[in-house]
Amino acid sequence: MADLSLYRNIGIFAHVDAGKTTTTERILKLTGKIHKTGEVHDGAATTDFMEQEQERGITIQSAATTCFWKDHRMNIIDTPGHVDFTVEVYRSLKVLDGGIGVFCASGGVEPQSETNWRYANESEVARIIFVNKMDRMGADFDRVVGQVKKVLGANPLVMVLPIGVEDEFVGVVDLLTRKAYVWDDSGEPENFEILDVPADMHDKVEEYRETLIELAVEQDDDMMEAYLEGNEPSIDDIKKCIRKGTRTMDFFPTYCGSAFKNKGVQIILDAVIDYLPNPMEVDPQPLTDEEGEPNGEFAIVAIEETFKALAFKIMDDRFGALTFVRVYSGVLNKGDTILNSYTGKTERIGRMVEMHANERTEIDRAQAGDIIAIVGMKNVQTGHTLCDPKHECTLEPMIFPQPVISIAVTPKDKGGSEKMGIAIGKMIAEDPSFYVETDIDSGETILKGMGELHLDVKVDILKRTYGVELTVGQPQVAYRETITNEIDDSYTHKKQSGGSGQFGKIDYIIRPGEPGSGFVFSSKVVGGNVPKEFFPAVEKGFKSMMDKGTLAGFPVLDVEIELYDGGYHAVDSSAVAFEIAAKGAFRQSIPKAGAQLIEPIMHVDVFTPDDHVGDVIGDLNRRRGMIKEQEAGVTGVRIKADVPLSEMFGYIGTLRTMTSGRGQFSMEFSHYLPCPKAVADQVIIDEKARQAAKKKK
């Protein structure tokens, strides 16, 4: 039995281009997992094994690998930084015990850093911070530490100070031991010396060390009392306090270095062991009932408990379907039969593997704390709970964001339809933020996702991996409809055609709901004018109409309906009659209630050099953007704005032209807002024309 105290399940996450994958490469090299480091810019990084990742120099899907450092087993997940693939970060954080947040020393806390940090806070994942790229122009450790406090609202506990910056960065001073770690110019991680603190840094080191110890000893009353009396605790005692504060997220140990130049990575590995929790030290995952509500029980991380595991990722590769699983408790052996509590079906475990990016090692058993992959499981999806058939349970499910953009695709040749259907089925299983539906009128396949890059990558995968050539339509915005006024209305459904007829009368109030409330139905009928058994039929009728609004057929959001009176017939009334009445009532009342088109607003974060700020802001204003904030940095300015998604298509090309190729941006969905009348009118006209054209086909 492996000792769980020697396990560390960690993720590496950050903004695009902060150096996550490079940091992972250096960790694998130092731990002896690989013998030659591959570079992201050469398309040779171990964990970026997809063709699309190698060409674009970005991480698209999370990759898992296992390595060892000082007798400790590390299961590491390298996650994407681009906002279109945040689902990969979210589901990875769900199954991890700790993380390394990587920040660029010149770029600082960038937009995706904020999103990932928020996800990690929600998942209550302890973290250490690594300020990377200290050798870059504009690198400023103190500025990034300040941004972590201001932008993320976090409490960084500075553990090291850099020796030199930019071209002169040579190493770090460990504040606890008061020792300087200095690397030579060979680029080899092993080539460093441990020296005394440089003379010009003595005062700064003592100042920061005092702050470090004061923050750490707050975790232990006795130690704090002794420290206030002038007795400095031992380094081991300080480390215990730091470990405790890191686990409770009172602060985040903060380091710096240059992964690319192999400077400072060993200290990060030591910090993972010293301060990040093992699986038994993390609050156990809650178990839920069938509705997904916590039932007061937990998946205790222990080998002697019954088997409980969460499927957090599905991947299809050349060897077949892989189900990535985090084992929370118990033991899983090859040949065991397990239950999928979501489907109620059992499956026999044929093959289990330990993953190293896209390579695998066969294993015969897995235990609590392990992250493994199971080969060839059927009907398992992301978020499903796998458990002992005799002890059924459900782990807290995952919730994924709704798509904001769609494109219509059709195969270029007839033979491609079947291939596309099979391929898309696999891709939906792999990515829960990727949706596909068929337009009944036109027969077109509609792909829905989190952004242009997300869908662009999906189309590329269909073409290269599955050999399906597609004709791709223009991107479509996920408009929605809602109402603005409260109205009191009545509707009667009456049909007589020989024999028993249909009768249902409802009196109701329709009012705008709170943003994000969706559909809310309530009944205040008294006196039996509408019998209780017909309430569900009325609710079903109204709810079924929410998918298609009266303005342009877009789904309807945030509507409250209150049924307060009505009438029924002893013979002719039925559930069907009241359901039809509710549908008619929806069509009748929504236009009266001030139906309105609303559009997705994106939180846009643009980086531009100083001399192009005016052009960028002017362009965002022309796109109906609302400028929220400007922040000057060493190498340029970050502009934050809320901009309608419909105005952002092709923005990267415009930005590059304006900034001579130096500008960058990212965006993520923020909220829905009403469309201006002129925009709404045009969207409605275009949508009606599109629907008419589809019917002609």
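Residues are numbered from 1 along each chain as its sequence is written, and side-chain values use heavy atoms, with hydrogens and water left out. Because the model is predicted, local features need pLDDT of at least 70 and side-chain atom pairs count only at pLDDT 80 or more, whereas totals for chains, interfaces and linings use all residues.

| Element | Residues |
|---|---|
| Strand E8 | residues 171-174 |
| Helix H9 | residues 265-275 |
| Helix H12 | residues 535-544 |
| Helix H13 | residues 575-589 |

The open sheet has 4 strands in the order E7-E8-E9-E10 with antiparallel pairing, where pairing requires at least two DSSP bridges between two strands. Strand E7 (160-163) and strand E10 (192-196) are the edges, each pairing on one side only, and the twist averages 25° from one strand to the next; angles run from 0 to 180 degrees between N-to-C directions, and axes are lines fitted to C-alpha atoms, for helices over the stretch in contact. E7 and E8 pair over 4 bridges, with Ile163 opposite Gly171 in E8. Helix H9 packs on the sheet, touching E7, E8, strand E9 (179-183) and E10, and its direction makes about 130° with that of E9; contact means heavy atoms within 4.5 Å.

Elsewhere, the axes of H12 and H13 come within 7 Å and cross at roughly 35°. Residues of H12 that meet H13 include Val538 and Phe542, and among those of H13 are Phe578 and Phe586.

Notes. Helix = DSSP H or I, 4+ residues; strand = E, 2+ residues; numbered from the N terminus.
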